[in-house]
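Please look over the sequence and the model before reading on.

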Amino acid sequence: MYYFFARFCAVTAAGLAASILGIAFGGFDMLLQTLLLLMAVDMISGIISAVVFRCSTKTESGRLSSRAGIQGFFKKGCCLMLIIVAVHLDALIGTGTLTRDAAIIAFCVNELISIMENMGNMGIKMPAPIMNALDVLATRK
């Protein structure tokens, strides 16, 4: 009986947490799912770049750094917090999901740039216009 009750409480807590997160992020639509996917691909490609190819731009040695990884997780967490802020701004202004969607699209573009940089560091050939755009963006940082 105790096992059933403990399992029921765990499932209820997980459902409650998922509901709260869904409300906070303005829904778990395809746009948010895409951002979360791109964030995961960026982290994985960064780890592969550092561990396998030893060409990470986050460290002098090009190797994996726990500090750089933790900083990356916190940056992605801050991006997600900004999306929550955008949801509240939309509610305040009454613009539907305009601000939220714009923030998510901007973060998706940022993640795509980071993924392409990781792939370029690994030696994967990219089309010249993309590489030129990455060079321009890298010099503006």
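**Helix 3 and helix 4**

Helix 3 (66-93) and helix 4 (residues 98-121) have axes that come within 7 Å and cross at roughly 160 degrees. Helix 3 is therefore roughly antiparallel to helix 4, a term for angles over 145 degrees. The model is predicted: local features need pLDDT of at least 70, side-chain atom pairs count only at pLDDT 80 or more, and totals for chains, interfaces and linings use all residues. Residues are numbered from 1 along each chain as its sequence is written, and side-chain values use heavy atoms, with hydrogens and water left out.

- The crossing of the two helices is right-handed, meaning that the near helix is turned clockwise from the far one by less than a right angle.
- Residues of helix 3 in the contact (heavy atoms within 4.5 Å) include Leu-82, Ile-83 and Ala-86, and those of helix 4 include Ala-103, Ile-104 and Phe-107.
- By class, this contact has 10 nonpolar, one polar and four charged residues; Asp, Glu, Lys and Arg count as charged, Ala, Val, Leu, Ile, Met, Phe, Trp, Tyr, Cys and Pro as nonpolar, and the others, Gly among them, as polar.

**Cysteines**

- The count of disulfides (pairs of cysteine sulfur atoms within 2.5 Å) is zero.
- Cys-78 is in no disulfide, and the nearest cysteine sulfur, that of Cys-79, is 7.2 Å away.
- Cys-78 has 38% relative accessibility and so counts as partly exposed, the class between buried (under 20%) and exposed (over 50%), with a 1.4 Å probe and protein chains only.
- Cys-9, at 34%, is also partly exposed.

**Arg-54**

- Arg-54 lies in the loop between helix 2 (30-51) and helix 3.
- Phi of Arg-54 is near 50 degrees, a positive value.
- Most residues other than glycine have a negative phi.
- At 46% relative accessibility, Arg-54 is partly exposed.

Definitions and conventions: Helices (H or I, at least four residues) and strands (E, at least two) are DSSP runs, numbered from the N terminus. Axes are lines fitted to C-alpha atoms, for helices over the stretch in contact, and angles run from 0 to 180 degrees between N-to-C directions. Angles under 35 degrees count as roughly parallel, over 145 as roughly antiparallel, 65 to 115 as roughly perpendicular and the rest as oblique.
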